[in-house]
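Terms are given with their cut-offs where they come up.

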Amino acid sequence: MTQHVKEIFATERGGPGGSGANPPAPAALAAKVRTLAPSMTRSMQRVAEAVASDPAGCAALTVTGLAELTGTSEATVVRTARLLGYPGYRDLRLALAGLAAQQQSGRAPAITTDIAVDDPIADVVAKLAYDEQQTLADTAAGLDTVQLGAAVNALAGARRTDVYGVGASGLVSQDLTQKLLRIGLIAHAHSDPHLAVTNAVQLRSGDVAIAITHSGSTGDVIEPLRVAFEHGATTIAITGRPDSAVTQYADHVLTTSTARESELRPAAMSSRTSQLLVVDCLFVGVAQRTYETAAPALSASYEALAHRHLPRGGAQR
């Protein structure tokens, strides 16, 4: 191994995800690659794509061998391993060997998510179902439970929670807000960027602001989160890009995964699936922490709406 690569090991082990952190399980490796690849440099993408497509072959290579295979450098291989959450290349090789063993123990699904204009509707259902399952599995595998727990604690003790999102992410922000309201918490969803900012200036320490943006670069979501951050609120970002602009104003980052985008299924559709999973995890966690007040609040909300539901076999009057 070259001296340059040794220096990278020495300087990077103390940072986030270094030797003191738990590297991702083998099953999470492919999910990490899918999530992080779009934000990598092209040379790092070649390394990531190689390990994801042929884990068994890459597990047998030295750092020099993988660098030669991908037309990159040893330093790039080490940096890619680090970005994927492994202290060094040796740890990545162990994960690759584990992933290869898992793949050999069961047949990979034959279905793909490429949907053609003339696909029969049964094929569309099957492909979308598989796509959704993969997206949820990838999000669960890559979700940082330490960050999730910290976010849950902040929400459970918040005086007030503001949630920002536009477009498809705006629908997710409304879903989270109505869930929090049902357990007696004060929450507001803001899709209007002007109202979002004017409300954000009222937040203080003890309040929580949540930004939901798959790209992590939506200005109408970043601006109110920045304002909330500067006013002392605890800030949370739910995003598919953990190195994006929104994260610089987030105390806690919850990373989502997304299925491969296609012409008939844009990123907004697949990203919403993973965002809703994170929202459900937050809600259940908060409900657990506040169970003594959450349970009666849920019961009261159900009773308040009970008369609006028709009895079985009944007719609306």
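Lys179 is buried, with a relative accessible area of 15%; buried here means under 20% relative accessible area, exposed over 50%, and partly exposed in between, with a 1.4 Å probe and protein chains only. The model is predicted: local features need pLDDT of at least 70, side-chain atom pairs count only at pLDDT 80 or more, and totals for chains, interfaces and linings use all residues. Residues are numbered from 1 along each chain as its sequence is written, and side-chain values use heavy atoms, with hydrogens and water left out.

Lys179 forms a salt bridge with Asp280, with 3.4 Å between the closest N and O atoms. A salt bridge is a side-chain nitrogen of Lys or Arg within 4 Å of a carboxyl oxygen of Asp or Glu. Lys179 belongs to helix H10 (residues 168-182) and Asp280 to helix H13 (residues 267-289), so the pair ties together parts that are 101 residues apart in sequence. Through salt bridges that share partners, Asp175, Lys179 and Asp280 form one network. Asp280 is partly exposed, at 33% relative accessible area.

The structure holds six salt bridges. Among them is the pair Arg160 and Asp162, at 3.1 Å from N to O. Arg160 is buried at 13%, and Asp162 is buried at 0%. Another pair is Glu49 and Arg42, at 3.7 Å from N to O. Glu49 is partly exposed at 39%, as is Arg42 at 47%.

## The sheet

Five strands form an open sheet in the order E2-E1-E3-E4-E5, with parallel pairing. Helices (H or I, at least four residues) and strands (E, at least two) are DSSP runs, numbered from the N terminus; two strands pair if DSSP finds at least two bridges between them. Strand E2 (187-190) and E5 are at the edges with a single partner strand each, so one side of each has no neighbour in the sheet. Neighbouring strands are turned by 15° against each other on average, direction ignored.

E1 and E2 pair in the parallel sense over four bridges. Tyr164 stands opposite His190 in E2. H10 lies across E1, E2 and E3 and runs at about 170° to E2. Axes are lines fitted to C-alpha atoms, for helices over the stretch in contact, and angles run from 0 to 180 degrees between N-to-C directions.

## Helix H12

Helix H12 (residues 219-230) has 12 residues and spans 16 Å from its first C-alpha to its last, close to the 16 Å expected at 1.5 Å a residue. The expected span is 1.5 Å times one less than the number of residues. H12 lies across E1, E3 and E4, at about 160° to E3. Just after H12, Gly232 has a positive phi of about 95°.

The buried residues of H12 are Val221, Ile222, Pro224, Leu225, Val227 and Ala228. Their cover includes strand E1 (161-164), helix H11 (193-200), strand E3 (208-212) and strand E4 (234-239).

## Thr255

Thr255 is in strand E5 (residues 252-255) and is buried, at 17% relative accessible area. Leaving aside neighbours within four places in sequence, Thr255 is in contact with Thr35, Thr139, Leu143, Thr239, Gly240 and Pro242, where contact means heavy atoms within 4.5 Å. The C-alpha atoms of Thr255 and His214 are 9.0 Å apart, with 41 residues separating the two along the chain.
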